[in-house]
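Have the sequence and the 3D view open as you read.

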Amino acid sequence: MKRKLSAKTILLYVTYVALSVASGGVFDGALSFGLFVGALYSANPLIASFIYVVSSIAYGWGSLLQAGVRAAVMLMFWGIHKLAKRKIGKLNLLLYLVSANVFYCAFRFKDYFDLFDRLLYVACGIAFSYVAIYVFRAVFVRGLAYRPALDETICIALFTIATSYCFSQLSFWGLQLIYFFAPFAILFCVVCFGAETALITSILLGAGNILSTGSYECCVFCVIAALAAVTTSKLNRFLAALSVVVVDVLMSFFLNLHGEIDTVAFVPTLVSTLVFVVIPTSVYNYVRDYSCGSADRYLGKSVAKKIGDNVSRRLYRLSDIFLSMKNAFFTMSAGHVTNEEAEISIVKQCSESVCRDCEQRAKCWRQNINQTEQSLLKLSGCAVKRGKCTILDVPQTLSVKCDRVSAMLAEVNAQAKVFREYVDRAEQADNGKTLLGEQMGGVSDLLMQLATDCKNRTYYDHDKEKELVERLVFHNIMCVGATILQQSNKLIVVATISKKDVDNALIEKVVSSLVKQTMVIDKIENTDSVSWVNVYLSVKPRFEVTFGVSSVAKDGNEISGDTHSVIRTDNGKCIVALCDGMGSGDKAEQMSATSINLVESFYRAGFDSDVILSCVNKLLSSSGNEIFCAVDIAVLDMFDGTADFIKLGASVGFVKCGDKVEIITSSSLPLGVLEEMKPSVTKKALSSGDVIVLLSDGVADCFKDPNALASVFSNVSLNVPQSIAEVILNKAVKLSNNKHNDDMTVLVAKLS
């Protein structure tokens with residue numbers, strides 16, 4: 001597949017050709033050789049060699065021969081590494097550079113003074129080779145969009161001095177080529193990179209001219225021209241170009257800049273500024289906006305903030321919708337037939353069905369209506385409350401005068417059964433509506449929290465972002481951009497790094513050193529390019545959690561009814577949970593697994609503990625399968641070390657802080673027993689080295705009391721959670737005479 005010839009590639013070859021021609025005679029071709037080595041790393045090696053050899057023709061056949069030998073030696077080593085598929089290391093490159101210059105040093109040297117000069121030129125050429133490699137990589141490989149590292153900036157400065165030195169050595173029709181180059185370079189830097197870069201560039205260009213000619217006129221011109229261009233560029237770039245021409249004219253008349261005053265002497269500056277003026281403004285705007293990642297300040301972060309505000313508004317609206325739905329479900333679940341209303345309805349139904357054709361109807365329901373109603377209300381009340389009434393519940397006043405007591409009992413019981421079925425259906429419907437209402441309320445709270453997070457102002461540190469790129473590149477980690485943002489006291493660093501450097505351990509160290517916090521890689525995300533990935537780093541939690549679990553099933557069962565879970569959430573919390581299904585075997589395991597999966601899913605979604613436990617409890621209690629589960633949960637905050645112990649019918653838990661063991665008790669019923677329940681919550685502040693123990697009732701029942709179990713735990717000298725869990729379980733099994741009367745599980749978590 002053919003490669004598209006990009007603007008960067010064209011600019012690379014144009015620059016390389018111009019500098020190769022200009023530097024061919026400097027230091028006997030040493031600088032030209034350095035350019036060739038730099039081009040080997042950035043351009044096509046064969047084309048780079050051809051340009052290098054051809055450009056040396058202008059300096060004689062001796063220069064052509066030396067350039068041919070140098071190019072042949074470097075191409076040979078390059079081909080060997082290409083076949084071996086290995087990169088050329090810095091030390092290997094130094095060896096190859098020395099080898100390429102052996103012929104130059106040995107070919108026709110006159111005396112030892114001449115040999116010394118040649119060795120000095122070779123040293124300069126080798127040093128300039130490394131400079132050229134860094135410059136070509138920074139400017140033409142990565143491009144202007146990426147800020148150069150400190151070492152690359154130094155090499156660019158040296159390269160600028162060398163370029164000025166080479167152009168100062170050449171003249172065209174008596175005109176120095178430096179004046180064709182310097183004005184354009186100064187104006188370009190003023191418009192694209194700012195005043196500071198332009199002033200530094202003018203000094204570097206002047207320094208190169210001083211080294212070449214020994215005169216200071218050009219250096220003074222460059223600095224004054226830069227000052228004039230910086231001052232006038234705020235008004236118009238054309239005025240900046242005109243100011244440079246004015247400086248040249250004034251210095252020519254008053255400081256004899258070009259020697260004898262002649263109109264032709266102003267041609268280089270005029271041509272240079274004319275080229276600057278002819279180039280469209282859009283080109284300079286493009287370079288300025290995309291140099292060193294500056295485009296972000298116009299687009300990326302401002303757009304991100306606008307998107308965050310829009311998303312925040314939409315989330316607030318969605319939150320209001322779910323809150324309204326919650327209120328609607330709670331309203332719909334209110335009110336159904338009461339027991340008193342049911343009793344009156346049963347009495348009315350009995351009077352119409354049982355007493356309809358009775359001979360005593362007129363006497364009972366006209367003369368003694370109050371007595372009859374009270375007797376039947378008492379009888380129906382017993383049926384409604386207990387679900388069924390018997391002959392013993394019939395009031396004496398009714399049994400004495402009624403000939404149809406058996407029929408009356410049957411009708412009352414039938415109507416009471418219908419009412420009970422209605423109540424069950426109504427309660428299930430109400431529970432479903434209440435459950436949906438609570439879930440809608442939880443979703444509303446979540447959306448409200450997300451909306452607040454999106455609305456919170458995001459702070460970007462542009463200076464540190466630039467410094468981070470420089471530091472990573474300095475450590476040979478290719479980085480093309482970085483973002484450091486802080487929102488809601490949460491620090492996030494995103495760096496776009498070459499895929500081949502993503503496993504470099506220095507990434508975390510460099511970022512941590514810059515932001516003064518310990519950062520760890522949170523996730524790695526692919527970009528649109530196959531060569532680059534986005535590395536997300538977040539603040540390392542103060543604590544880490546290790547855990548161990550030991551479990552045995554009840555005798556006669558292969559599966560334990562106890563299940564456990566240890567999960568990490570996105571907000572720096574660790575959820576340690578143990579669920580004990582009532583009973584044992586497959587059914588208990590299914591009960592506990594269902595409960596723990598529900599709890600885990602809710603926590604991952606970010607719901608509050610109250611909403612989670614209430615919803616799970618309603619789901620279990622309304623299932624009709626008598627699913628009861630004891631739940632023991634420890635919610636650990638990995639940043640501040642606080643822990644919330646949430647217990648629903650669970651056995652005691654323990655926290656070991658140093659040599660002290662504290663017992664965490666529970667006073668609430670298990671999940672699924674009652675529709676309304678309130679968990680037992682205990683808050684504790686933990687520190688590094690503290691150990692938490694959660695256990696099922698099968699283990700706790702083996703000990704005389706919680707203090708005995710706490711004594712066993714306090715005497716364990718082991719530090720590994722798995723070993724602690726095994727010791728406690730083995731002690732419980734030993735106390736039960738090696739019998740497993742119930743499922744036994746010990747879950748141990750340790751902060752470190």
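## Helix α16

Start with helix α16, where Ala342, Glu343, Ile346, Val347, Cys350 and Ser351 are buried. Here, buried means under 20% relative accessible area, while exposed is over 50% and partly exposed is in between, using a 1.4 Å probe and protein chains only. Why might buried residues come in steps like that? An α-helix has 3.6 residues a turn, so residues three or four places apart point the same way.

(The expected span is 1.5 Å times one less than the number of residues.) Helices (H or I, at least four residues) and strands (E, at least two) are DSSP runs, numbered from the N terminus.

## A word on the model

This is a predicted model: local features need pLDDT of at least 70, side-chain atom pairs count only at pLDDT 80 or more, and totals for chains, interfaces and linings use all residues. Residues are numbered from 1 along each chain as its sequence is written, and side-chain values use heavy atoms, leaving out hydrogens and water.

## Helix α2

Now hop to α2 (residues 30-42), which is largely enclosed by the rest of the structure, because 11 of its 13 residues are buried. Among them are Phe33, Leu35, Phe36 and Val37. From first C-alpha to last, α2 reaches 19 Å, close to the 18 Å expected.

## Two helices side by side

α9 (residues 178-193) and α13 (residues 267-278) pack at about 35°, with axes 7 Å apart. Axes are lines fitted to C-alpha atoms, for helices over the stretch in contact, and angles run from 0 to 180 degrees between N-to-C directions.

Which residues of α9 meet α13? They include Phe180, Phe184 and Leu187, and their partners in α13 include Val271 and Phe276. Contact means heavy atoms within 4.5 Å.

## An open sheet

Five strands line up as β8-β17-β16-β13-β14 in an open sheet, with antiparallel pairing. Two strands pair if DSSP finds at least two bridges between them. β8 (545-552) and β14 (660-664) are at the edges with a single partner strand each, so one side of each has no neighbour in the sheet. On average, neighbouring strands are turned by 15° against each other, direction ignored.

β8 and β17 (residues 744-751) pair over 8 bridges, and Gly548 has Val748 as its bridge partner in β17. Helix α27 (residues 721-735) lies across β8, β16 and β17, at about 25° to β8.
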